[in-house]
Structures are given as structure tokens and as C-alpha cells.
Amino acid sequence: MLDIPSAPVRSTRWFRKRVVIPAALAVAAVAVPVVSSASAQASPAAVAAADRHSAKPTVVLVHGAFADSSGWSPVIARLRHDGYPVIAAANPLRGLDSDSAYVSSLLAAVPGPVVLVGHSYGGEVITNAAVGHENVKALVYVAAFAPAEGESGLALTGLNPGSRLGAALVVRPYAVAGGGGADGYVDPAQFRAVMAADLRAADTELLAAEQRPVDLAALQAPSGVPAWRTIPSWYLVAGADQAIPAATEKFMAERAGARTVVVEDASHLVMLSHPGQVENLIVQAARATG
């Protein structure tokens, strides 16, 4: 097992020269159905039924540790171009139970079917948050944790050799009203090697500076009953991942019965380096379950 002070994984902000999504806000796009002149003359009930039949599912994206929702920006741009409503959830990164409850409350407020997508630690969150939500039709894991009951992100990171995350963690105590904890960051000097070796150095310097920390207790918390046992899942394996070993990603994908694709040369931040392939997998899941 890898000796990680308190543990794993994650993404980060997108580059300013591309599509910019405000860091702290969820991003939503609403697909507006086109109504022909014939349908305009139909009864309101008939029009509503036709709209429900043709509407695409909402894609809810959940980022992981060392990141915020803007890390999904290039994927969001492609999904919106293809007509998908998108919400990029602001994962709090404070604790697995509380983060999952937050995303669960968001899912309860989304009308219609949902394709729920998680990257890295965000995979743990969606595994727990989707339980009990009949509107979640598909789970998509992007270089993400897909834990079984009782497993933690920290334990999964050390399941196979190859992760460089533990040695790169910087731990800083934080204080809040009524308590505090320990936040984990990726050492900026090691950020590119661990998280994003297939991105430009100038871009990864920004990502390293802008990273959001995760409370390390979140990575150590045991997961609950996994939603992937009852909800169809898809998995994108980042073949050159230095945060979560690719062997562990393949193991989790197979265990979950996920439809799996492997991007051989991809780093952990595959949604930034290969956004087209990430979006393709999300669309596959949406079409298969729509």
C-alpha cells in the first residue's frame, strides 16, 4: 500500500484562453425544443408529451479534489454544442458524506433524466449521491474512484503500484468556526508530473496555483452502498495516470460492469487533455439510456 499522508486525486481549473466558466458557480444550459407549425396547433398535452420524448438528459458533472467545476469547461462546450443541458456541480470537498449529500440534493432538483459524471474523487461522490434517485439513468466515471461499500479513495489509490500522488501531497491545517481539519494540495513543483503530464507546462502552472484543496478526511472515509450496482455505468481509463494507477481504474471498471474505453496516453486530467473522448463517452451513455 502507498503511504499517503491522507490521500488522493484530482483535477483543476481550465485555461483562460478557452471557454471560461466562473469557478464557484454551477453551469447550466437549457435545451429548448423546436416546435413545428403543425405541433403548435396540437393540444398543450400533446406538445408537452412530444417535448418530453425528444428532450436530452441533463448531464451533471462532478469534479474531484484539487479542482473546481471549470476543469470541465472544454467538455461542457462540446456537450452544449450537441444540445445537452449541463450542470457543473460545485463539489464542496469537505467530507464524503456531506459532499455526497450536497450532490444528492442537486439531483433531486433536476427535472427529468440525468447522466451523472464524476472525475477522480468525484467518482466516490457520484457513487454515493446517486443512490435512491430514479432519474439518474447512467453513471460515467472519468479516471475516477468507483468504490465498493467500505472502501476509501486512499485505500484504492494504494491498491496497485504507480501512484505518485502520496509523495506530492502538501498538508496544511485549516480552521473554521467550530473546528477545522487538514487540507491536501498537490505540490506545485510536482503538479504537472502527477496530474497533467500531457498538458503544456504554462497551463499546468496555472492549474497548480488555482487548485482547491480537499479535506483529507474525505479521502479516508468509507464509501456506502454503490449506485453502480443498480445503475448502468461507463468508465474512461486514463492510461498514463500518475494519480490513480490505470490498473486500479481498469479493476474498478470491470468490477462495476462498466462499458470501458482506454485513452492510453492520457494523464489524470484527461477531461482537459482529451475532452472530445470524454464527451463521446458521456454521449454514448446518454444515448444508451435515453
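Reader: What covers the buried residues of helix α9?
Author: The cover includes α8 (191–195) and α12 (270–273). Helices here are DSSP runs of H or I with at least four residues, and strands are E runs of at least two, numbered from the N terminus. This is a predicted model, in which local features need pLDDT of at least 70 and side-chain atom pairs pLDDT 80 or more, while totals for chains, interfaces and linings use all residues. Residues are numbered from 1 along each chain as its sequence is written, and side-chain values use heavy atoms, leaving out hydrogens and water.

Reader: Which residues of α9 (residues 201–210) are called buried?
Author: D203, T204, L207, A208 and E210 are. Buried means under 20% relative accessible area, exposed over 50%, and partly exposed in between (1.4 Å probe, protein chains only). Across the protein, buried residues make up 53% of the 290 residues.

Reader: What makes L93 count as buried?
Author: L93 has 0% relative accessibility, which is under 20%, so the residue counts as buried. L93 sits in the loop between β2 (86–89) and α4. Its phi is positive, about 65 degrees, although L93 is not a glycine. Most residues other than glycine have a negative phi.

Reader: And why is A143 called buried?
Author: Again the value is 0% relative accessibility, so A143 counts as buried. This residue lies in the loop between β4 (136–142) and α6 (153–157), and A143 also has a positive phi, near 45 degrees.

Reader: Which residues touch the most other members of the largest nonpolar core?
Author: L116, L139 and I282 do, among its 84 residues. A nonpolar core is a set of buried Ala, Val, Leu, Ile, Met, Phe, Trp, Tyr and Cys residues joined through side-chain atoms within 4.5 Å. L116 touches residues including V60, L107, I126 and L139.

Key: Contact means heavy atoms within 4.5 Å. Lists of a residue's contacts leave out its neighbours within four places in sequence.
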